[in-house]
Amino acid sequence: FACCMACHGEMARLKPPAGYLTTFYLLVALGGALGGVFVNLVAPLLFKGYWEFHLSLVATMVLLGLCLARTKDPVRSPLMLWSGRIFWIGGIVALAGFLGLHIQEQQESNILTMRNFYGVLRVKETDRGTKYATRFLYHGRISHGRQFLIPEMHSYPTAYYGPFSGISLAISRHPERLRLNNLEDGAKHGGLRVGNIGLGVGTIATYSRPGDIYRFYEINPDVDRLGREYFTYLKNAKGVQQVVLGDGRISLERELENTHRQQFEILAVDAFSGDGIPVHLLTKEAFALYWEHLRP
């Protein structure tokens, strides 16, 4: 925020006379467009993380120094000019060094970092060599699931899917689940149909039982791939696991248009963009769509 305010302030201060304002605003718009192209199209090909943020901080320091150097001030003495240049160069070097260490620190515990249109995905391990060894999937700064690495704990639901979480209670206390539990061989009499918008690492699949069908809607194909390669929730699940790639709401709308109501007993909305649920999954129209895919 401070860097943006400084850059906007310098841009306003250097604004040309009225006769050149058309070109000025055209170049401002062009700069914004080029920045958007770089961040969305070029940076994902060059960097595994959001390293353009670090570059922008250093670039702002460089630009501020150049702007100050161009400012004509008769009060400045040669000593002030040289000391200012030394502090400026030293500040840039120190900032670049600390930012480089920050990148290195972020990468140390990662076993995989990748980036695509939807953002940066990281697979990270902590407490290696102990019984608490855990593997995480991060999307940006937000954890999208974790799993204990010791085999006997592979099927333990973690994070906000634990045994006393809302989704756990919804599945275990569902009348259909209770009815099947009371039958001698419940799997022969069917199972639960559970839908989930947002895959993560597939932790919810650990609640599936023989005869159940769990259907996941996931927009990011790399999340599906990493969830299968580095985590075992989907592979070890006792029920049938289906993953539909694409935006959850659009996929559900398409299925409804094809007269294919899923008839879910439970539909969980657990998709996140950053640390919030996308707004288009929370509208009245979205919930009307969810009800169409739920059993009465």
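Predicted model: local features only at pLDDT ≥ 70, side-chain atom pairs only at ≥ 80, totals over all residues.
1. **Sheet order.** Four strands form an open sheet. The order is β7-β6-β5-β8, and the pairing is parallel. β7 (240–245) and β8 (266–269) are the edge strands. Each has a single partner strand, so one side of each has no neighbour in the sheet. Direction ignored, neighbouring strands are turned by 15° against each other on average.

2. **The β5–β8 pairing.** β5 covers residues 193–197 and runs parallel to β8. The two strands are joined by 4 bridges. Within β8, isoleucine 266 is the residue opposite valine 194. In general, strands of a sheet pair through backbone hydrogen bonds.

3. **Largest core.** The largest nonpolar core counts 24 residues. Leu137, Ile167, Ile171, Ile204, Tyr214 and Phe216 have the most contacts inside it. At least two residues of this core come from each of β2 (119–126), α5 (166–172), β6 (213–218), α7 (221–229), α8 (233–236) and β8. Nonpolar side chains tend to be buried together in soluble globular proteins.

4. **Phe216.** What does phenylalanine 216 touch, leaving out residues up to four places away in sequence? Its contacts are Asn196, Gly198, Leu199, Ile204, Ala205, Leu234, Gln241, Gln242, Val243 and Val244. Ile204 is also listed with Phe216 among the core residues with the most contacts.

5. **Phe24 and Tyr25.** The model holds 6 aromatic pairs. One joins phenylalanine 24 and tyrosine 25, with ring centres 5.2 Å apart. Their planes stand at 65°; the cut-off for edge-to-face is over 60 degrees, so this pair is edge-to-face. Phenylalanine 24 is buried, at 16% relative accessible area. Tyrosine 25 is partly exposed, at 47%.

6. **Phe287 and Tyr290.** Phenylalanine 287 and tyrosine 290 also form an edge-to-face pair, because their planes are at 70°. Their ring centres lie 5.2 Å apart. Both residues sit in helix α10 (residues 284–292). They are 3 residues apart, so about one helical turn separates them. Buried or partly exposed: which applies to phenylalanine 287? Phenylalanine 287 is partly exposed, with a relative accessible area of 39%. Tyrosine 290 has 4% relative accessibility; the limit for buried is under 20%, so tyrosine 290 counts as buried.

7. **A charge over a ring.** Arginine 122 lies over the face of tyrosine 138. The distance to the ring centre is 4.9 Å.

Definitions and conventions:
Residues numbered from 1 in each chain as written. Heavy atoms only, no water. Pairing = 2+ DSSP bridges. Axes fitted to C-alpha atoms, helices over the stretch in contact; angles between N-to-C directions. Core = buried A, V, L, I, M, F, W, Y, C linked by side-chain atoms within 4.5 Å. Buried < 20%, exposed > 50% of the residue type's maximum accessible area, 1.4 Å probe, protein only. Contact = heavy atoms within 4.5 Å. Phe/Tyr/Trp six-rings, centres within 6.5 Å; stacked < 30°, edge-to-face > 60°. Lys NZ or Arg CZ within 6 Å of the ring centre and 35° of its normal.
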